[in-house]
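User: Hi! I am new to this structure and would like to learn how to read its features. Could you walk me through some of them?

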Number of protein chains: 4
Amino acid sequence: MPKVKPETSAARRDEILEAAEICFAREGFHQTTIQHVIRQSGLSAGCIYGHFASKDDLIRAMGERRHARDAALISLGDATPDPLSAIRAIARSFLEDLASEDGLRMRRVGLQLWAEALRSEAIHAQVTSGIHKPIAVIAQLLRRAQRLDLVNEAVDPERFARVIVSMFQGLALQRLWGEPFDPADALQALDVLIEGLSPRRSPIGPPRVEQA
Amino acid sequence: MPKVKPETSAARRDEILEAAEICFAREGFHQTTIQHVIRQSGLSAGCIYGHFASKDDLIRAMGERRHARDAALISLGDATPDPLSAIRAIARSFLEDLASEDGLRMRRVGLQLWAEALRSEAIHAQVTSGIHKPIAVIAQLLRRAQRLDLVNEAVDPERFARVIVSMFQGLALQRLWGEPFDPADALQALDVLIEGLSPRRSPIGPPRVEQA
Amino acid sequence: MPKVKPETSAARRDEILEAAEICFAREGFHQTTIQHVIRQSGLSAGCIYGHFASKDDLIRAMGERRHARDAALISLGDATPDPLSAIRAIARSFLEDLASEDGLRMRRVGLQLWAEALRSEAIHAQVTSGIHKPIAVIAQLLRRAQRLDLVNEAVDPERFARVIVSMFQGLALQRLWGEPFDPADALQALDVLIEGLSPRRSPIGPPRVEQA
Amino acid sequence: MPKVKPETSAARRDEILEAAEICFAREGFHQTTIQHVIRQSGLSAGCIYGHFASKDDLIRAMGERRHARDAALISLGDATPDPLSAIRAIARSFLEDLASEDGLRMRRVGLQLWAEALRSEAIHAQVTSGIHKPIAVIAQLLRRAQRLDLVNEAVDPERFARVIVSMFQGLALQRLWGEPFDPADALQALDVLIEGLSPRRSPIGPPRVEQA
DNA sequence: GATGAATGAGCCTTCATTCAT
DNA sequence: TATGAATGAAGGCTCATTCAT
């Protein structure tokens, strides 16, 4: 229920979101009060409520913003001809983003959203659609690699893509907590994974389950 | 700060924590009010505050509880003689826990704690020490595997362990969001990783970084 | 509504009152919680409520205790044959009490009671009856002095006694606030007052009111 | 800590203080709840907390208000040329104030503050500085009187001023308790005191202390 | 009588939201 | 549109009091 015309106010909305992001990254959604956003933005309560219907609406818009940024990262992968290198390229651009101050701040907000997704349907939709995109792209690349006989046919592209994405989500978590973080480690592991999928290797069957 | 004698109150504390866990898993820390915990536990405000100094203290205690549970999962791995199978065993017990109703509930709380770790030093310490344990155990197993010539000497055990843990953290996230989740996928990927570390394979050098 | 037999429990009551006095002197009635009294006395909540019906009852009993002490001070004046010296003797014993650690503590409680008297009828009765006694004694002495022709007949004994008591109340206040306090000053002023009442002096008429 | 701009809010602050004074005079600081002040003022909780940081802050501001009023009373004495008459004039204006409905209400609050001064350093400072002013003024007048040979040189002006102030504090107390109160009694006693200081009288030595 | 864990009404305070200017 | 003082529901927490042991 923003009370102002959308076309004239895109800049104001961004201004508010920018301020809110700084606050949310610093304090989390629930510790951040509208007062904090007011102070950070230099605007007034009335103004903010002119552009966002409620605090929840602001959080939702924040989620969309994050979502847009992640989508931008992924599209970079499309240019590379070799599908496996394309996957590496996607990983690299993700890791670069994770190393930047700006990306880190946004991802701090992202972690809040991950938690929030457990109880807000709207945010849940954003967050999951945010991983479906990279999973789909990577799966597509794996399929192309299978057609080029670079990856074992037995591999399920969607499922494997999902595991790769998992790994990077976990790395982002650790990075946010200030744990030792070296992009090279992740790329090495990714290479091991990709190499392991090569059809030259022994067939990949169901995981061997040793009896306990 | 508990106002009751610590020795008489362990059962009551657990009772409160149990109720709080249900509330926190359902609503998150911040949407959960003490009233919710009161209703869930059937106790009174005064009683709860007799056992916990504040809501934050309750959250902190919740974190300790989670921590203890995770630590219990890990210690299972010690019995297995083959180090690589031991890693698989740890992964399997983690995945089983993730499939259980009870483990899922606790992990919903865990995700809140992951986010909370960004701004509470106490919770940050719990959360990171919660991953240092499995990283150390897995790294230790990788070192044993290296001595048995099952794993390439070039692999840094700590760093690789960290990546493995990342993957499982990401899987837990997706599981919590209700994404398709098949433990077999994770175990398969783990096998690919472990196989890829074998010394029979071409030496693992620095990750190949293609220039952009 | 004490639930225990009065005769067996006088010592316990005193024990509780002693502890309460320490707390009340330190923190005031309202900042003092029953918990404080419990800690100070080493007894339990149930025990205290066995001897006093409520916190208010405890405060009321505290008032009675104070009252009893003040009454004890006054009775000392009776022995002196010269009425004006008797007044001085009363003043001196009051000032001595005010100099003692013990008397100071009780008077800290007394100040709380003075304030409390504004809204509790029971405490109001204690406090005013607490000054009626010294006023009556001093007035009686003044009357004896008048009969001995030591004090001007025009003086109203009751009213003058009241003013003398005022002065000592004010001194007690200042003493409690840690203001410079010298008993000699008060005794000197008292002497000036008493001397001024002498019939040898010019008649004491209605106070001269200068026009402003 | 006020959350509203200080310049726009002086009137609102006064409105709140006015309401608070009525409540505090009626019920005391501790029995008065913020709800009472809300009802009395017709404002909301949020509004009150926009102008005062806490209930304690409100009490502190109340103390300042009282302080300002007392200071205003004293300054009246400056105009009178005869120093002893000036002291009488101060006394008279004090007694008039004590007779007014408004002054009585404020002094009921004042008595709470006297008690509160025992445990709040801020209020202690207010209360003592509130008596230092009249003591200083009266002492100054006594010094002038000494120079004019109206008062015995042996008198210590500060100390005697303090005793005079004591007397009026005590009278205020009794007035608040509803005890018989006649301003004329106080003025008469003051006259006796002042007369007694005259150099025509026998020298004022150290107070005669009879041995007990 | 004594204990102390438990109770629950009610307090102080916050903060998302509104609306007159 | 923007402002910011005002609103008031609701939250965290306290503490006088009870009662089973």
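User: Where does Asp149(D) lie?

Analyst: Asp149(D) sits in the loop between α7 (121-147) and α8 (157-176) of chain D. Helices here are DSSP runs (H or I, at least four residues; strands are E, at least two), numbered from the N terminus. Before we go on, please note that this is a predicted model, in which local features need pLDDT of at least 70, side-chain atom pairs count only at pLDDT 80 or more, and totals for chains, interfaces and linings use all residues. Residues are numbered from 1 along each chain as its sequence is written, while chains are lettered from A and ligands numbered from 1 in the order in which they are written.

User: What phi does Asp149(D) have?

Analyst: The general idea first: most residues other than glycine have a negative phi. Asp149(D) is not a glycine, yet its phi is positive, about 60 degrees. In chain A, Asp149(A) also has a positive phi of about 60 degrees without being a glycine, and its place is the loop between α7 and α8 of chain A.

User: Is Asp149(D) buried or exposed, and why?

Analyst: We count neighbours: a residue is buried if 20 or more other C-beta atoms lie within 10 Å of its own, exposed if 12 or fewer, and partly exposed in between, with C-beta atoms placed from the backbone. Asp149(D) has 11 C-beta neighbours inside 10 Å, so it counts as exposed. Asp149(A) is exposed as well, with 11 other C-beta atoms within 10 Å.

User: How do I read a helix, say α8 of chain A? What span is expected for it?

Analyst: The expected span of a helix is 1.5 Å times one less than its number of residues. Helix α8 (residues 157-176) of chain A has 20 residues and covers 29 Å from its first C-alpha to its last, close to the expected 28 Å. Because 17 of its 20 residues are buried, α8(A) is largely enclosed by the rest of the structure. After this helix comes Gly178(A), with a positive phi near 80 degrees.

User: Which residues of α5(D) are buried?

Analyst: Among them are Pro83(D), Leu84(D), Ile87(D), Ile90(D), Phe94(D) and Leu95(D). The helix itself (residues 83-99) has 17 residues and should span 24 Å, which agrees with the 24 Å between its end C-alpha atoms.

User: How many residues of chain A are in contact with chain B?

Analyst: Two residues are in contact if their C-beta atoms, placed from the backbone, lie within 7 Å. By that rule, 52 residues of chain A touch 50 residues of chain B. The largest share of chain A's side, 13 residues, comes from α8(A). By class, that side has 26 nonpolar, 13 polar and 13 charged residues. Here Ala, Val, Leu, Ile, Met, Phe, Trp, Tyr, Cys and Pro count as nonpolar, Asp, Glu, Lys and Arg as charged, and the others, Gly among them, as polar.

User: What rotation superposes chain A on chain B?

Analyst: Copies are superposed by least squares on the C-alpha atoms of residues with pLDDT of at least 70 in both. A rotation of 180 degrees, with 0.0 Å of shift along its axis, brings chain A onto chain B (RMSD 0.1 Å). The two copies are thus related as by a two-fold rotation axis. In chain A, the C-alpha nearest that axis belongs to Met167(A), 1.9 Å away. The copies meet through the same surface, because 96% of the interface residues of chain A are also interface residues in chain B.

User: What about chains C and D? How many residues does each give to the contact?

Analyst: Chain C gives 51 residues and chain D gives 50. On the side of chain C, α8(C) supplies the largest share, 13 residues, and the classes are 25 nonpolar, 13 polar and 13 charged. A rotation of 180 degrees with 0.0 Å of shift along its axis superposes chain C on chain D (RMSD 0.1 Å).

User: Finally, how many residues surround DNA strand F?

Analyst: A residue is near a strand if its C-beta atom, placed from the backbone, lies within 6 Å of it. There are 37 such residues around DNA strand F, and the closest are Gly46(A), Gly46(B), Gly46(C), Val4(D) and Gly46(D). This surface has 14 nonpolar, 17 polar and 6 charged residues.
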